[in-house]
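I opened my notebook for a new structure today. My plan was to look things up one at a time and write down what I found.

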Amino acid sequence: MVPTWRLRAAFARRLSDMYGTEVPAYTTLLEVAGQVNDEVAGRDPDAERLGSISRVTAERHGAIRVGTEDELRQAAQIFAALGMSPVGFYDLRDGEVGAVPVVSTAFRPTATEELDRNPFRVFTSLLTTSDRRFFDAGLESRLDAFLARRRLFPPELLQLAERAEESEGLPEPEAERFLALAVAAFELSPEPVDRAWYAELERVSAVAADIGGVAATHINHLTPRVLDIDALYRRMGERKIAMIDRIQGPPRWDGPDVLLRQTSFRALAEPRRFREPDGRVTGGSLRVRFGEVEARGIALTRVGRARYDELMTATDRHLAQYPDADRQESARALWHRTFPRTERQLAVEHQAFFTYHPAAGRPRDGHRPPADLAGLLDGGWLTAHPIVYEDFLPRSAAGIFRSNLTGEGTQDADLTGTPFDAHRLSEAIGRPVLDPFALYAAQQERSLRQALFTLRAGAALRALDAGGGPPASPAT
């Protein structure tokens, strides 16, 4: 048997090899990311604090786009065969700039040991054809009919995926067949694109055209992880590869790295075949696929995330007042004034998630462990290790989508959008969309409870039971 995690690791490798063949600039991105990671690992003793170099090197996330709930359910079945569940709900329809008529989730492993084995993720977007801000009734009807006629995933692939999920793996011959079919399902289709139909959808949104204007889905981008995204951004430019105008997410600063920083090279003009209205097949190109790269930080609690969102809004207000100001410098100044400057502060203020462990070698001094987290950390009873943020930021995702679009698209902001939330997306997928905050909180509480039990810290355990989280610190 080839177990689930090996299927996932093999799929990620093969998908990366395929994408590198189709998009050569992605291979350059991997090369530069590897060089930067090796240099950071060689000079920084804390380089592996947020993941081993072997994990960071193997780490990828991909992105696909589908048009219907049936297609989404089928994609979910393939990812379930790889041990990946839908986590998080992202609504990209309400960006201030551009038109991105999709809602999204991310399929990924959820157990810590599975993430350590291979943390492959696929950010998966669903076209919202019923959203009147983008599609009138006539276009919705024609678009739905077009999508209903296509088949993204062959029945054999779906059958093997069901078997792999049930058996937690596949015998080697079936595993090989499953991987071959799965990778092929995400290759760029050679089928000619109906030029007039694609152009009509592109006037609404380039994303809508990429989903509903073609015969099949494809990997839209693949994303390696890098330990110094600013260095990578500079080096890609030095290699004459056009990058989007900035790095999305938190600014670079001298405090803890949190959440997710992302950037990409711009979508490249790729040769495509087009079917003209008179039936002729002609040559042309489309700018759809790009190469993204990310640097991951510490997962924030809801309190920390709210603080992050406030700072992003404050940065926007500052730039609206001073449009010539540098965005990174403006954000950095705000962060220095108000965001926690240390991991300890993040922990005791309950703004980020950590795993906790009994400190090794603490001398016996006759004292009993205190009941508050600050006392446990400062007294040398506990050590805190940051939990890596495994998910995405809707604002950053939309920013990268928009940076790689060929046009702004159209959106009637006076109309009401189709209601969509995590519950409705769960119904569409046929599987629960998990809450990432709940996953991080459960991981943190398990570690803390075990550590306090080992320390025989009765008062702290009672505080944990009473509060449902880390014991509160007197200062907070």
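Which residues of helix 17 are buried? I noted first that this is a predicted model. Then I went to helix 17, which covers residues 422–429. I found Leu425, Ser426, Ala428 and Ile429 buried there.

Next I looked down the axis of helix 17. Its buried residues fall within an arc of 160°, so they line one face of the helix. I turned to the other side of helix 17 and found His423 and Glu427 exposed. Exposed here means over 50% relative accessible area, and buried means under 20%.

What do the buried residues of helix 17 pack against? I listed helix 4 (69–81) and strand 3 (85–91). Strand 4 (102–108) and strand 5 (121–127) are also on that list.

Then I checked both ends. At the start of helix 17, I saw Asp421 reach towards His423. A side-chain oxygen of Asp421 comes to within 3.2 Å of the backbone nitrogen of His423. After helix 17 comes Gly430. I wrote down its phi as positive, near 80°.

My last entry is on the largest pocket. Its volume is about 650 Å³. I counted 30 residues in its lining. Asp44, Leu50, Leu227, Asp257 and Arg296 lie nearest the centre of this pocket. Helix 2 (24–43), helix 11 (229–238) and strand 12 (291–296) each supply at least two residues of the lining.

How many residues of each class does the lining have? I sorted them into 15 nonpolar, 2 polar and 13 charged.

How values were computed
Residues numbered from 1 in each chain as written. Predicted model: local features only at pLDDT ≥ 70, side-chain atom pairs only at ≥ 80, totals over all residues. Heavy atoms only, no water. 1 Å grid on protein atoms, 1.4 Å probe; cavity = no way out; pocket = protein on both sides within 12 Å on 5 of 7 lines; lining within 4 Å. Points joined across faces, edges and corners; volume = space filled by probe spheres on them. Helix = DSSP H or I, 4+ residues; strand = E, 2+ residues; numbered from the N terminus. Nonpolar A, V, L, I, M, F, W, Y, C, P; charged D, E, K, R; others polar. Buried < 20%, exposed > 50% of the residue type's maximum accessible area, 1.4 Å probe, protein only. Arc of directions from axis to C-beta. Contact = heavy atoms within 4.5 Å. Polar contact = N/O pair within 3.5 Å; in protein donor to acceptor, adjacent residues only side chain to side chain.
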